[in-house]
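Please view the sequence and the model shown here, and then read the points below, which are grouped by topic.

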Amino acid sequence: MSSKMEGAIKIAVLGAAGQLGKSLLSQSVAGVELSGFDRAQIDICDKEQLEKLLTGKDYTHVINCAAFTQVDLAENQEDKAEAINHKAVRHLAQLCKKNHIVLVHISTDFVFDGKSNIPYVETDKPKPLGVYGNTKWKGEMSIQSALEKYYIFRTSWLYSVYGHNFVKTILQLAESQTKLEVVDDQIGSPTHAENFAAVILKSIQNQIPFGVYHYSDDAAISWYDFAKEILNQKQILLPIYPIPSAQRPTAAIRPAYSVLNTKKIRDQLQLKSKPWQKSLHSMLIKL
Ligand SMILES: NC(=O)c1ccc[n+]([C@@H]2O[C@H](COP(=O)([O-])OP(=O)(O)OC[C@H]3O[C@@H](n4cnc5c(N)ncnc54)[C@H](OP(=O)(O)O)[C@@H]3O)[C@@H](O)[C@H]2O)c1
């Protein structure tokens, strides 16, 4: 007999101090108990710690928000990115299987090469351009080969009141610079982590079919468009200019187009479309 209480949803959130982890833990959903563990409490690369956390407990789900997320740094720290984004995830999947726990794992638009000009669907073949995307894709594959009861949610361009993100960077730059130059040849979908957290928890609650899902807010814009709207909403009068990525070289090559097709999750949860500007507004008023 399973020790897990019928009907009760008890979730362990790993990587709880990150943007998404904090956004999840700030949600309150009836019938769902969330316990967060930051890196100091549970290092997902530490097999013993993970095993102790998940063995013989009554968690029904683990949400893995822990990741090596510094895209440029990953190019020079491949072993570290591989350990966190792939090897630890493979072990986590095995532990979830052994303990009959549903694994909810977060992945990224960077698994795609960005050569498409229409939004990526879940069945499109990943072809990562850099170390970060590659290690995240390997993490996904290790879950799919170990487990049946999993959700992999790919998302893009996360921002929130927590941690480091593009919105906060633009606001900081606006305080110190006399003009801004922002790339306009990378197209994607900024996603308020609060919206994404609500979608993840609703998916668990509604017991949607297991598998891979794409979720982002409803937008297909450039970083320049996004920055312009941030300044606009904060009523900051600063000159802002579009530039090509070639003018701002980075260690990692980024996909030129990484818009995700989100129809699958939107149909499952009957999600209504909300303008991305409104989501940005709801974050900015909390800053
Ligand atoms: N941010 C984005 O734009 C974006 C876009 C697409 C997908 N995603 C995915 O969304 C997920 C959440 O991203 P996020 O923006 O919330 O990232 P984040 O703010 O960087 O948070 C990641 C968290 O993972 C923790 N962590 C790193 N290594 C760990 C380990 N070995 N054990 C335990 N915790 C560890 C980090 O702790 P430390 O701070 O101590 O390192 C950090 O608190 C990730 O899977 C990411 O790949 C993010």
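Helices (H or I, at least four residues) and strands (E, at least two) are DSSP runs, numbered from the N terminus. Residues are numbered from 1 along each chain as its sequence is written. The model is predicted: local features need pLDDT of at least 70, side-chain atom pairs count only at pLDDT 80 or more, and totals for chains, interfaces and linings use all residues.

**Overall form**

- The protein chain contains 10 helices and 12 strands.
- Its radius of gyration is 19 Å, close to the 19 Å that the globule rule gives for 287 residues, so the protein chain is as compact as a globular protein of that length. The radius is taken over C-alpha atoms, and the globule rule is 2.2 Å times the number of residues to the power 0.38.
- Along the principal axes, the C-alpha atoms of the protein chain fill a box of roughly 65 × 40 × 35 Å.
- A residue is buried if 20 or more other C-beta atoms lie within 10 Å of its own, exposed if 12 or fewer, and partly exposed in between, with C-beta atoms placed from the backbone. Of the 287 residues, 41% count as buried.
- Two residues are in contact if their C-beta atoms, placed from the backbone, lie within 7 Å. Among contacts between residues at least 6 apart in sequence, 81% join residues at least 24 apart.

**The nonpolar core**

- A nonpolar core is a set of buried Ala, Val, Leu, Ile, Met, Phe, Trp, Tyr and Cys residues joined through C-beta atoms within 7 Å.
- The largest such core has 73 residues, and those with the most contacts inside it are Val13, Leu14, Val62, Cys65, Leu92, Leu103 and Ile200. Helix 4 supplies the largest share of this core, 7 residues.
- Leaving aside neighbours within four places in sequence, the contacts of Val13 include Leu24, Leu25, Phe37, Ile63 and Cys65.

**Helix 4**

- Helix 4 (residues 78-98) has 21 residues and reaches 29 Å from its first C-alpha to its last, close to the 30 Å expected at 1.5 Å a residue. The expected span is 1.5 Å times one less than the number of residues.
- At Ile84, helix 4 bends by about 30°; the bend at a residue is the angle between axes fitted to the seven residues ending there and the seven starting there.
- The buried residues of helix 4 are Ala81, Ile84, Asn85, His86, Ala88, Val89, Leu92, Ala93 and Cys96. These residues pack against helix 2 (47-54), strand 3 (61-64), helix 3 (71-76), strand 4 (102-108) and helix 5 (131-146).
- Just after helix 4, His100 takes a positive phi of about 55°.

**Helix 10**

- Trp276, Leu280 and Met283 are buried in helix 10 (residues 276-284). They cover an arc of only 60° around the axis, which puts them on the same side of helix 10; the arc is that of the directions from the helix axis to the C-beta atoms.
- The buried residues of helix 10 are covered by elements including strand 6 (158-159), helix 6 (166-176), strand 9 (191-192) and helix 8 (223-233).

**Positive phi in loops**

- Most residues other than glycine have a negative phi.
- Gln207 is not a glycine, yet has a positive phi of about 50°. Gln207 sits in the loop between helix 7 (193-205) and strand 10 (211-214), and is exposed, with 9 other C-beta atoms within 10 Å.
- Gln270, also a residue other than glycine, has a positive phi near 55°. Gln270 belongs to the loop between helix 9 (263-269) and helix 10, and counts as exposed with 8 C-beta neighbours inside 10 Å.

**Further loop residues**

- Val29 lies in the loop between helix 1 (19-25) and strand 2 (32-37) and is partly exposed, with 16 other C-beta atoms within 10 Å. Beyond four places in sequence, Val29 is in contact with Leu201 and Gln205. The C-alpha atoms of Val29 and Gln205 are separated by 9.0 Å, although the two are 176 residues apart along the chain.
- Pro255 is placed in the loop between strand 12 (240-243) and helix 9. Pro255 is buried, with 24 other C-beta atoms within 10 Å. Not counting residues up to four places away in sequence, Pro255 touches Asp109, Phe110, Phe112, Asp113, Gly114 and Leu129.
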